[in-house]
Amino acid sequence: MPTGAPRSAINAYMAIDSTHKVLFDAGLGADKGGHLLENIKKAEVDPSEITAVCLTHLHGDHIGGLLLDGQAAFPNATLYLSQEEYDAWNDGGPMAANNALWKQVMTAYEGRIVTFRDGEQLFDGLVVAKLAPGHTPGHTVYEVGGTCLIAGDLLHAQDLQLEHPLFCARYDADPEQATATRIRIFNELRSNGLYLAGAHC
């Protein structure tokens with residue numbers, strides 16, 4: 001990190017097969033400088049073609065892009081997230097004090113929110129959802145096509161944390177749990193050979 005700080009691009013990913021066009025997270029949103037919608041169009045995909053958005057967690061820099069002028073930016077998409085994450089951000093949950101944006105998203109996508117449990121397969125096996133708590137209570141990583149792992153905020157500074165996984169960002173809700181999760185998943189990646197696709201890398 002020659003400047004003393006890591007790069008921190010917030011990336012969304014897209015997986016496409018013959019049936020599905022799936023986004024993983026949605027970034028900040030265009031009103032906060034996000035480029036997701038324009039990048040989707042560069043990939044020759046219209047936002048209306050997105051069938052699903054799999055959320056790693058519900059921080060604003062990962063769900064802001066779900067809205068456009070207060071409406072659903074992906075009018076035909078269903079949102080997927082872990083039951084643990086949903087419960088944590090609901091009124092009365094441990095993250096409820098900061099859930100205003102999530103409540104706006106729930107209104108915009110009413111009737112199109114699906115929760116899952118650890119290890120569930122989605123979209124005919126294209127995606128496997130794996131609970132990876134610590135950053136938030138229900139933080140999730142996604143194995144896609146047996147090729148890569150969409151890691152969300154499993155790590156924030158790859159140049160530092162890949163070598164020193166004990167280091168935590170101050171944004172982790174439970175640093176001890178986040179560290180244990182990071183080490184466990186790094187060990188799994190070493191054995192299964194999946195590519196790591198991080199959000200702040």
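Predicted model: local features only at pLDDT ≥ 70, side-chain atom pairs only at ≥ 80, totals over all residues.
Biologist: Which residues of helix α4 are buried?

Modeller: Helix α4 covers residues 100–108. On the other side of the helix, A100 and T107 are exposed. The buried residues are W102, V105 and M106.

Biologist: Why do the buried residues of α4 line one face of the helix?

Modeller: W102, V105 and M106 are the residues concerned. Looking down the axis of α4, the buried residues line one face because they fall within an arc of 100 degrees.

Biologist: What do the buried residues of α4 pack against?

Modeller: The partners include two helices, α2 (60–63) and α3 (83–89). The strands are β4 (67–68), β6 (78–82) and β7 (113–116).

Biologist: Is T140 buried or exposed?

Modeller: T140 lies in strand β10, residues 140–144. Buried means under 20% relative accessible area. T140 has a relative accessible area of 0%, so T140 is buried.

Biologist: Which backbone oxygen lies 2.9 Å from a polar atom of the T140 side chain?

Modeller: Leaving aside neighbours within four places in sequence, T140 is in contact with L55, T56, S82, F116, A129, K130, L131 and A132. The backbone oxygen at 2.9 Å from a polar atom of the T140 side chain belongs to G138.

Biologist: Which residues is L196 in contact with, leaving aside its neighbours within four places in sequence?

Modeller: L196 is found in strand β12, residues 195–198. With a relative accessibility of 32%, L196 counts as partly exposed. Its contacts, with those neighbours left aside, are L149, A151, L155, L162 and L189.

Biologist: What separates the C-alpha atoms of L196 and F186?

Modeller: L196 and F186 are ten residues apart along the chain. Their C-alpha atoms are separated by 9.1 Å.

Biologist: Which residues form a nonpolar patch on the surface with about 290 Å² of accessible area together?

Modeller: One of them sits in the loop between α5 (158–161) and α6 (175–192), namely L166. L166 has a relative accessible area of 62% and is therefore exposed. The patch is formed by L166, F167 and I183.

Biologist: How many salt bridges does the count come to?

Modeller: Side chains of opposite charge can pair when their charged atoms come close. The cut-off is a side-chain nitrogen of Lys or Arg within 4 Å of a carboxyl oxygen of Asp or Glu. By this rule the count is six.

Biologist: Which residue meets E49 in a salt bridge?

Modeller: The N to O distance in this salt bridge of E49 and K21 is 3.7 Å. E49 is in the loop between α1 (36–42) and β3 (52–54) and K21 is in strand β2 (residues 21–24), so the pair ties together parts 28 residues apart in sequence. E49 is partly exposed at 34%, and K21 counts as partly exposed at 22%. The partner of E49 is K21.

Biologist: Which residue meets R117 in a salt bridge?

Modeller: The N to O distance between the side chains of R117 and E84 is 3.4 Å. This pair links distant parts of the chain, with R117 in the loop between β7 and β8 (121–122) and E84 in helix α3, 33 residues apart. R117 is partly exposed at 45%, and E84 counts as partly exposed at 24%. The partner of R117 is E84.

Biologist: Where do R184 and E188 lie?

Modeller: R184 forms a salt bridge with E188, their closest N and O atoms being 3.3 Å apart. The two are four residues apart, about one turn of the helix. Both lie in helix α6.

Biologist: What is the phi of D69?

Modeller: Most residues other than glycine have a negative phi. D69 is in the loop between β4 and β5 (71–72), and counts as exposed at 74% relative accessibility. Its phi is positive, near 55 degrees.

Biologist: Is F123 buried or exposed?

Modeller: F123 lies in the loop between β8 and β9 (127–131). F123 has a positive phi of about 55 degrees although it is not a glycine. Its relative accessibility is 10%, so F123 counts as buried.

How values were computed. Residues numbered from 1 in each chain as written. Heavy atoms only, no water. Buried < 20%, exposed > 50% of the residue type's maximum accessible area, 1.4 Å probe, protein only. Arc of directions from axis to C-beta. Contact = heavy atoms within 4.5 Å. Polar contact = N/O pair within 3.5 Å; in protein donor to acceptor, adjacent residues only side chain to side chain. Patch = residues over 30% accessible without salt bridge, like charges linked within 9 Å, V, L, I, M, F, W, Y side chains within 5 Å. Areas by Shrake-Rupley, 256 points an atom, 1.4 Å probe, with all protein chains shown as cover.
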